[in-house]
Amino acid sequence: MAEVKNAAYSALAAHYEYLIADCDYEKWSQYVCDKVAENAPNHRGADIACGSGFFTRSLKKRGYDVFGYDISGEMLGEARRLSAESGLSIEFVQGDIKSFKSLKKLGFVTAINDGFNYVEPENLLKAFKAVSRNLVKGGMFLFDVSSEYKLRNVIGNNLFSVDDDDVTYIWFKLENDKVIMDITVFERNDDVYIRKDERHEQYIHSLPDIKSALISAGFEIKEISGSLDGELNEKSERLYFLGVKKNNGKNI
């Protein structure tokens, strides 16, 4: 295997929304927007770990004053391009969610599709505190993670690949204390394929550890579910969390 030098989403960014087309993002975004409508105390918010901005765009279309925040410059470039193509004016800010900061206090923060799986376990509380500091009292925090069951039993030590006319990628995953994904993208340019390599590292967060970190960061946990329909069991592959800030954050 060639040495992997590039950060996560440096190669995948341009193809991301095409490659996840089977995830039913429309249904997922409806769920996110409905939860925000039901629980956020105001219309100002941030979509952190926003990637190419699909959910940011969905929230903007629903009338929310929302900005996107992500560590990947390449993904933010796609987010800006796709937003402009949709006729939407959205601010996108580059930064690490462990040090997330907003210029104004927010009524809600969302982090959809594995954003916190990229946070090291020892930094999970720090990341949750950063979110809490930027919310008004009663502000809503909605996020999800790939579950411990999924990363250990479904993803770990498996090989995934996609072969398409315009892009081919090989996704090789190994499990240790974290799941390491070495991704090779073969991107078509006329009759030539250009190889690009990148590495993803996702961390396993247990349900008790997430709950403990949320409570320590000043959140009241309102909902935990294992699907958009609310079912939760030991084989749930994704965990959804809805928390509400219950203090003023002065001692966080």
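**A buried asparagine and the sheet**

N113 is buried, its relative accessible area being 16%; buried means under 20%, exposed over 50% and partly exposed in between, with a 1.4 Å probe and protein chains only. The phi of N113 is near 75°, a positive value in a residue other than glycine. N113 sits in the loop between β4 and α5 (124-133). Helices (H or I, at least four residues) and strands (E, at least two) are DSSP runs, numbered from the N terminus.

A word on the source: this is a predicted model, in which local features need pLDDT of at least 70 and side-chain atom pairs count only at pLDDT 80 or more, while totals for chains, interfaces and linings use all residues. Residues are numbered from 1 along each chain as its sequence is written, and side-chain values use heavy atoms, leaving out hydrogens and water.

In what order do the seven strands of the open sheet lie? The order is β3-β2-β1-β4-β5-β11-β10, and the pairing is mixed; two strands pair if DSSP finds at least two bridges between them. β3 (92-94) and β10 (219-225) each have a single partner strand, so one side of each lacks a neighbour in the sheet.

Let us turn to β1 and β4. Strand β1 (residues 44-48) runs parallel to strand β4 (residues 106-111), and three bridges join them. Within this pair, D47 stands opposite T110 in β4.

Finally, A49 lies in the loop between β1 and α3 (54-61). The phi of A49 is near 50°, again positive in a residue other than glycine.
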